Amino acid sequence: MPVSPVNPLFPDMPDWQRKATDNLWPPYTQMRTTPIGLPVSEAEGVRIKLADGRTLIDGVSSWWSVCHGYRHPHIEQAVVNQLQKLPHIMLGGYQHEPAALLARRLADICPGELNHVFFTDSGSVAIEVAMKMAIQFWLNNGIKGRHKFMHFRGGYHGDTFATMAVCDPEEGMHSHFSGVLTPQILAELPINDELYERLDNQMATHADALAGLLIEPLVQGAGGMIFHSEDVLKKVADLCQKHDILLIADEIMTGLGRLGEMVACQRADVTPDIITFSKTLTGGTVPLAATIASRRIFEAFLDDDPAKALMHGPTFMGNPIGCAAALASLDLFEQEPRLDQVKAIETQLIKELESARELPAVKDVRVCGSIGVIETTGLGDVNLLKKRFVEEGVWIRPFGNIIYTIPPYIIGQKDLTQITSAMVKLSKEL
């Protein structure tokens with residue numbers, strides 16, 4: 001049965017959208033009950049222009065990726081220059097300057113000896129590569145049986161089969177596949193002494209089977225914007241060291257300035273064995289991801305035996321255009337006051353969201369870096385809520401029981417106030 005070409009958010013759909021309503025399959029969408037997506041014509045800075053001329057302030061940075069705003073001229077020019085020179089070349093047997101320079105600059109950003117960069121083209125694949133590295137690290141060292149992963153309730157690491165298995169199994173998004181996913185070891189974040197002792201015992205019990213532990217440092221994103229302290233992250237890292245379990249930091253959402261530091265782990269003085277980046281890596285311009293391993297991990301793959309090499313190689317890994325965009329994005333962290341802007345966003349979010357705390361339908365208000373969250377007792381009709389945000393002139397995508405914003409780092413005070421005012425206003429209507 002064809003999808004009905006009706007959009008209550010946008011009744012006068014452009015012809016190109018109307019013709020494709022039964023062809024384009026959008027993400028995370030029950031198309032029988034969810035309105036068709038808003039038709040976008042262009043975007044610049046923090047504003048998205050719709051096909052009818054209306055504009056929305058982007059409150060979620062296009063799934064947390066467009067940190068410098070849309071069409072930043074420095075990134076745009078870097079992409080054009082690279083396109084005219086070398087759009088793509090395989091990394092198998094070749095190397096090119098953008099990939100080499102980007103690997104060096106990412107190594108400089110990362111703490112400790114995290115200096116061996118493996119490029120991929122999405123966050124989920126970056127996590128899969130990290131898991132593959134961890135398992136093979138032990139095998140290359142002659143240790144068999146360490147192929148399980150510990151992960152935390154509330155965590156999210158991707159939608160591919162390996163990454164679904166290390167997401168929160170009760171979150172619901174991947175529950176259909178529970179019978180086919182590889183069973184892993186679920187743990188609770190050690191937010192108190194009892195849970196710390198439990199995690200210590202759990203690690204001791206499973207250490208001989210564990211290849212690694214995955215954690216989103218300080219903020220569990222898609223699991224509900226759940227925060228934990230630097231002390232909790234440090235305790236997890238210390239336990240990994242105690243039980244000789246590889247620590248994998250998923251900084252796909254938290255890294256590259258999101259929480260006020262280039263690497264979120266630095267807020268807790270933690271250096272993981274493997275770290276992953278994506279999303280903001282290219283400023284939200286083109287797909288690119290990186291899995292960065294410590295010297296200890298990398299050296300386990302150095303051998304005369306070809307079987308000990310990391311046998312993985314996405315076709316578009318280290319794509320020159322993506323690397324050029326990422327280099328330009330990193331330039332902007334040096335040339336423009338991005339981390340100061342994030343701190344200013346944090347200060348403003350704390351001030352302007354606080355009034356929601358006393359509302360009847362609000363359970364909690366929390367802020368970390370450029371992330372502002374209103375946790376509610378229930379959102380009701382989410383599609384209606386999204387419609388109301390559009391009417392307020394902002395693009396916000398509530399989910400679960402939270403209304404949140406993660407704006408581009410360049411957002412101005414007035415535009416951010418429009419977002420926070422809409423969040424508080426619509427929280428009153430719940």
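Modeller: Angles under 35 degrees count as roughly parallel, over 145 as roughly antiparallel, 65 to 115 as roughly perpendicular, and the rest as oblique. They run from 0 to 180 degrees between N-to-C directions, with axes fitted to C-alpha atoms, for helices over the stretch in contact. Helices are DSSP runs (H or I, at least four residues), numbered from the N terminus. The model is predicted: local features need pLDDT of at least 70, side-chain atom pairs count only at pLDDT 80 or more, and totals for chains, interfaces and linings use all residues. Residues are numbered from 1 along each chain, and side-chain values use heavy atoms, without hydrogens and water.

Start with α4 (residues 97–109) and α10 (residues 320–335). Their axes lie 9 Å apart, at an angle of about 40°. α4 and α10 are therefore oblique to each other. The contact of α4 with α10 holds twelve nonpolar, no polar and three charged residues. Here Ala, Val, Leu, Ile, Met, Phe, Trp, Tyr, Cys and Pro count as nonpolar, Asp, Glu, Lys and Arg as charged, and the others, Gly among them, as polar.

Now take α7 (residues 193–206) and α8 (residues 230–242). They pack at about 25°, axes 10 Å apart. So α7 and α8 are roughly parallel. This crossing is right-handed. Tyr196 and Met203 are among the α7 residues in the contact, and Val236 and Leu239 among those of α8. Six nonpolar, no polar and four charged residues make up the contact of α7 with α8.

Terms used
Helices (H or I, at least four residues) and strands (E, at least two) are DSSP runs, numbered from the N terminus. A crossing is left-handed if the near helix is turned anticlockwise from the far one by less than a right angle, and right-handed if clockwise. Contact means heavy atoms within 4.5 Å.
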